[in-house]
Amino acid sequence: MTSASPAIQDSTTPKRPPYLIRHPEFFTLGLIVILFAVVAVINPMFFQPGSLFDVLRAATRSAIFALGILVVLASGGLDVSFTAIAALVMYGLTKIVLLYFPEAPFVLILLAGAMGGLALGLLNGWLVKTLAAPSLVVTIGTQFLIRGFLLAFIGTEFFMNIPPSMLAVGQANIVSFQNNQGLQTALPYTTLAIPILALLTWWLLNKTMMGRAVYAMGGSPAIAERLGYNLTRVYLFVFGYAGLLAGIAGIIHVSSTRIANPFDIVGTELDVIAAVILGGARITGGSGTVTGTLLGVLLVTLINSVLITLGIPTTWQKVIVGAFILVAGLLFSLRSRQ
């Protein structure tokens, strides 16, 4: 008996998708490299330590948000209430601490912020599961509820007095020096939140049963349930984790900016979601990596910083990010067809 010809073998063996389609985070990395190359030609002064420190400082809050949204997207859900959660936690908690516990240590304040965000996130997860409604609809509803509460009971008031421990953390730097123009350049301690929370998120998604359940539910809730995963727990985990990180991001934001304004982060939801999608997470769930998410945040932050540095109107930021998302969406479409 003769063996099958190579032609027949080739026709029956599934083709392996190209490397870039299997690893979309490298597409994001390629865009970052191209962006760096363009900036190097137009404005090489951008690569001074001060500018790079500014990029890291600007990316801190978005990176924390994005890690939480990555977990939600990987499960097949979508959360747009995280900035409202952060605003309520950071403003309400800062005001409570100032009035009643002004000497509270930063670790305690950060823990309280995380727990406040966790509680609101768990509420999102419970509503999504109980109402059996799309998570986008539910979180739009909770977003408006929280914003309405802020407007009704707080208004647009903000204050610049923050607890001493938060002020001290916001002013502390990993490294600080003067540049050639005599200006102070520093990398704040708050940027350490990025690697710490990135490692935690990576461990949860890749080394725990809950992480496997998140990706399984993102692939197919019905199959995940047949495999024995408790979908209620998964809903509570993903939205609770996103809320927890939102609370942490809010406290770090107040410490870094040294001002408690409940509305200065409202409206940044799409930038964060765009960063996660650019990092390789599909809106339909079942995919996404921590590395890709951080690269997506870096790309969006660089676009904003570079355009400002080059004197290009900020309105073009959305145009460029939108174009990148469309290209990324094409890659995802090709990946799903392979």
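View 1. F65 is buried, with a relative accessible area of 3%; buried denotes under 20% relative accessible area, exposed over 50% and partly exposed the range in between, for a 1.4 Å probe and protein chains only. The model is predicted, so that local features require pLDDT of at least 70 and side-chain atom pairs pLDDT 80 or more, whereas totals for chains, interfaces and linings use all residues. Residues are numbered from 1 along each chain as its sequence is written, and side-chain values use heavy atoms, with hydrogens and water left out. The structure holds three aromatic pairs. Rings of Phe, Tyr and Trp (its six-membered ring) pair if their centres lie within 6.5 Å, and planes under 30 degrees apart count as stacked, over 60 as edge-to-face and the rest as tilted. F65 and F82 form a tilted pair, 5.1 Å centre to centre with 55° between the planes. Because F65 belongs to helix α4 (residues 49–74) and F82 to helix α5 (residues 82–100), this pair ties together parts that are 17 residues apart in sequence. Helices (H or I, at least four residues) and strands (E, at least two) are DSSP runs, numbered from the N terminus. F82 is also buried, at 1% relative accessibility.

**View 2. The stacked rings of F237 and Y241.** The ring centres of F237 and Y241 lie 5.9 Å apart and the planes meet at 15°, so the pair is stacked. The two residues are four residues apart in helix α12, and are therefore separated by about one helical turn. F237 and Y241 are buried.

**View 3. Helix α5 and its cover.** α5 has 19 residues and reaches 27 Å from its first C-alpha to its last, close to the 27 Å expected at 1.5 Å a residue; the expected span is 1.5 Å times one less than the number of residues. Its buried residues include F82, A86, M90, Y91 and V97. Among the elements that cover the buried residues of α5 are α4, α6, α7 (135–153), α8 (164–171), α12 and α13 (269–278).

View 4. G68 lies in helix α4 and is buried, at 0% relative accessibility. Leaving aside neighbours within four places in sequence, G68 is in contact with Y241, A242 and L245, where contact means heavy atoms within 4.5 Å. The C-alpha atoms of G68 and A198 are separated by 9.8 Å, although these residues are 130 residues apart along the chain. T60 also lies in helix α4 and is buried, at 3% relative accessibility. With neighbours within four places in sequence again left aside, T60 is in contact with T190, T191, I194 and I252.

**View 5. The packing of α4 against α13.** α4 and α13 pack at an angle of about 65°, with their axes 9 Å apart. Axes are lines fitted to C-alpha atoms, for helices over the stretch in contact, and angles run from 0 to 180 degrees between N-to-C directions. α4 passes α13 in a right-handed crossing; a crossing is right-handed if the near helix is turned clockwise from the far one by less than a right angle, and left-handed if anticlockwise. S62, F65, A66, I69, L70 and L73 of α4 meet V272, I273, V276 and I277 of α13. By class, this contact of α4 with α13 has nine nonpolar, one polar and no charged residues. Ala, Val, Leu, Ile, Met, Phe, Trp, Tyr, Cys and Pro count as nonpolar, Asp, Glu, Lys and Arg as charged, and the others, Gly among them, as polar. Eight of the 10 residues of α13 are buried, so α13 is largely enclosed by the rest of the structure. Just after α13, G280 takes a positive phi of about 115°.

**View 6. The packing of α6 against α12.** Helix α6 (residues 106–131) and helix α12 (residues 231–257) pack at an angle of about 145°, with their axes 6 Å apart. α6 passes α12 in a right-handed crossing. The contact of α6 with α12 has 17 nonpolar, 10 polar and one charged residues.

View 7. Most residues other than glycine have a negative phi. A132, in the loop between α6 and α7, has a positive phi near 50° and is exposed, with a relative accessible area of 69%. R258, in the loop between α12 and α13, has a positive phi of about 60° and is partly exposed, with a relative accessible area of 34%.
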